[in-house]
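Have a look at the structure first, then read on.

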Amino acid sequence: MEQFVTCFFTGVGVFFLAYLLLYASYLFASVAVGAFQLYKLEKMSQIKNELKHEFYFPVSILVPAYNEEVTIIESVESLLNLKYKLYEIIVIDDGSADRTTELMVEHFQMKKVSRPIRRVVECEMQEAVYECRAENIKITLIRKKNGGKGDALNMGINASEYPYFLCMDADSMLQDDSIERIVRPVMEDDNVVAVGGLIRVAQCVVMENGEIAGYHLPWNILLSMQAMEYDRSFLASRILLDSFNGNLIISGAFGLFKKEVVVAVGGYDRHTLGEDMELVVKLHAFCRNNQMGYTIRYEPSAICWSQVPSSFKDLKSQRRRWHLGLFQCMWKYRHLCLNSRYGLLGTISYMYYLLYELCSPAIEIFGLFTILLAVLLGRLNVGFMLKLYLLYTAYGAVLTMTAFFQRIYSQNVKISVGDIVKACVMCVAENVFFRLVLDFIRSTAFFGYRKRKLVWGKIKRTKLEEGDANKDSSVL
Amino acid sequence: MRRFGINYMIYFYMFICLTLLFFNIAYIFYQKRRQNIQEIRAMHWKKELAGLWKESDCTGQAFKEQHEPDCTRQAFKEQHEPGCEGQAFKVHKRRLRRKLKRIDQLIAYNSVMEDCLGTGGVSDYLEECYEDFLFLAVEYGNREAMERAFFAYVISLYYPYMGTPRKQMVNILLKYMDDATVYCRENVLLALYAIGDAVAVEHAFMYLDSRGLYHSPKLISDGLMTYKGDKEELARRLWSKRNAWNESLVLSVIQFVTQLDADFSEEFIGELQKDNTSLEHRFAYIRYFQRHVKPGLKGYLIDCLKQYDASNNSLAIVISLALGSYPGEDTALALEGALQSKSWYVRKNAAASLLRIGLPEDELRRVYEASDRYGKEILEYVSERRFDTV
């Protein structure tokens, strides 16, 4: 018995050390590669190493909206301020119970048209189609039966007129040069089938006519910690995975896709909570199975400011959905796992999401259980455990800080000294507390899975007010 | 031992991350300082250039505001008569060669020059400095692709086509394309278009073709529109090489020609009617004939619409749209038939074209009544959009 217990604890110890070391190495590699890439991009931009062009190609912007009466007008208005030359906006009201459609029709003076829509990908039927032109940009509003976000996006694909479409959330705002920047990878390489942009927290920014008028970290701790988390994850893993065409996710809040290829794979999956990830993994699988030359890119200079949950309840709802979506996608494409046909995608990318995203709550709970067991059996080396925990937390905090400052310099954002201090505190808090909160949410995500596996949950939206972000006088 | 190993590893990572963090913070300050230094450098160049044009007040905005009246051809010539100013100019030229080897100095210099470009005096000044820029072009030829790209960008601004041949410069720029990034290639192409040397553009395309390098057809065709020389002559030269180049390059040339007023109908009709012409090229030719109407081609397009609607929908889609530029009873009849097509897009384009050819209202109503459900739907929608006054 004694020997079994010793073997068990030794095994668990080795597993966790290997697990943490691998994670630390991955994080380090991703932050280092991310920092280098951003530095290079900034230098290139300074010396005109970019495909600056008068006109690229037309793009259809798809905005699925479900009960978005609070934000929809502001979002569409922000889309009308883009510098891009030729695009159309398609808002898909996915059977909202609020006044989303009415507000759109009233505000933009839209006219009902009898437009037939060819269904190249599956979706629910439209109930009404409205059209208008604002600032010489065609806006289409499609009111349809509720079918979920994937279904709404499929309707948008069906109604879109241009060869590339850009999906975004109704509560997000684009910078005026965002589309121009997200289409550039397509101009560089004909094999690019999808491009993901950088998502940042909208509650931190004040936008005026598509440009950043100010940036500050909000006093809401949850928002500030999410801002740190977004900066780290979009700097860290995405750029590293991009270096070997291994990104498995393009955020549904901002992504550009080649319509022809998306139609070929059947569009978005309507029966999953993670339709954005599912589409990207499906594109990878499709292109590799058909031996097509293809690239899925991440463009960190194309920025979308998206609202994040400001209350614990909303955060729980969002993260539960993300985790279940991740599970559904990983399960559906389990054949990618360590499959040599998929190269680094099946090994590094898939295994990262499996071990460090999907299974991490279970692994961490198992770790806590082992600690408790060790305490009970008097086998815990408290000093070593605390030291390792502190070191690891400090390591995580330093990485997050690195990512945050990287963003500051690469985007020429001015922030106050107060915000710098706040950012440093939040980096630590994010690693000490927020991580635990997320682990708890993800651990409980599967409760009631059978009944609620396609339930999105509601998130309260807030209207983004314009204001002065630079209230502090001392700015860096 | 194991604990020591783990500690050691984490300390190592921690050290690297702290280094990264400090690098970032230091870089923010460096960037700020660099920006100031660049502004000072730009100010020096402004003063120096203003001195050449005998400016009394050489500071910042004053230079910008004042340089224009004095940057006339006459003023420049007067100052470069033998004497003190001529000597100053020689010193300036030496400084150009010495200082502009550094990319930061070139950026600062260019920031000043970009504000002055377009005036007569500046053109003369740049003409006088041509030899120095040739010298610098050779220097930058040995630099990394990023810097070569910037120098090519600078040349595209400074030496637009003025009727002067610039063989040496274009030869050096063509060499920039070796081991270049897509940005460097694009900037070199833009410089060649600006210089207006058709032979050099042809050589650049040959280079792209021979190395199998992808350069977006959209970038090429739009870039060609910025060509400063005789566009038609360039188009004919590039067209003559069509059999030697890959499909993507030829497509760019066809798209470029489509945007010109030049008449390539004879050449394009011949290509369009060949059996082995690729689908992409056919699309491009048909789009050309949509824009450049050749009445003699109407019958051919109508026949193609009928033929391809059954066999090749994608061609029928383009033809049904192009026929909107060829009004007539026979066109109306063909489009009416296309309204019953199996392809949704053919129906949609046929409906749009029926309206574009100006079919009388009663005739339109007859077509509507004669159409099937899908034809009616699309015709109704397209008609609604026609009267959309928003």
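Into which domains is chain A divided? Chain A splits into domain 1 (26-354) and domain 2 (358-446), with bounds that come from an automatic or database domain assignment. Bear in mind that this is a predicted model, where local features need pLDDT of at least 70, side-chain atom pairs count only at pLDDT 80 or more, and totals for chains, interfaces and linings use all residues. Residues are numbered from 1 along each chain as its sequence is written, while chains are lettered from A and ligands numbered from 1 in the order in which they are written.

**Inside chain A**
- The centres of domain 1 and domain 2 of chain A, taken over C-alpha atoms, sit 28 Å apart.
- Where these two meet, 28 residues of domain 1 of chain A are in contact with 25 residues of domain 2 of chain A (contact means C-beta atoms, placed from the backbone, within 7 Å).
- On the domain 1 side, α1, β10 (211-215), α6 (221-242), α9 (312-332) and α10 (343-358) of chain A each supply at least two residues (helices are DSSP runs of H or I, at least four residues, and strands of E, at least two, numbered from the N terminus).

**Chain A meets chain B**
- The contact draws on 42 residues from chain A and 40 residues from chain B.
- α12(A) gives the largest share of chain A's side, 13 residues.

**Inside chain B**
- The assignment for chain B gives domain 1 (143-193), domain 2 (196-292) and domain 3 (301-390).
- Between the centres of domain 1 and domain 3 of chain B, taken over C-alpha atoms, there are 47 Å.
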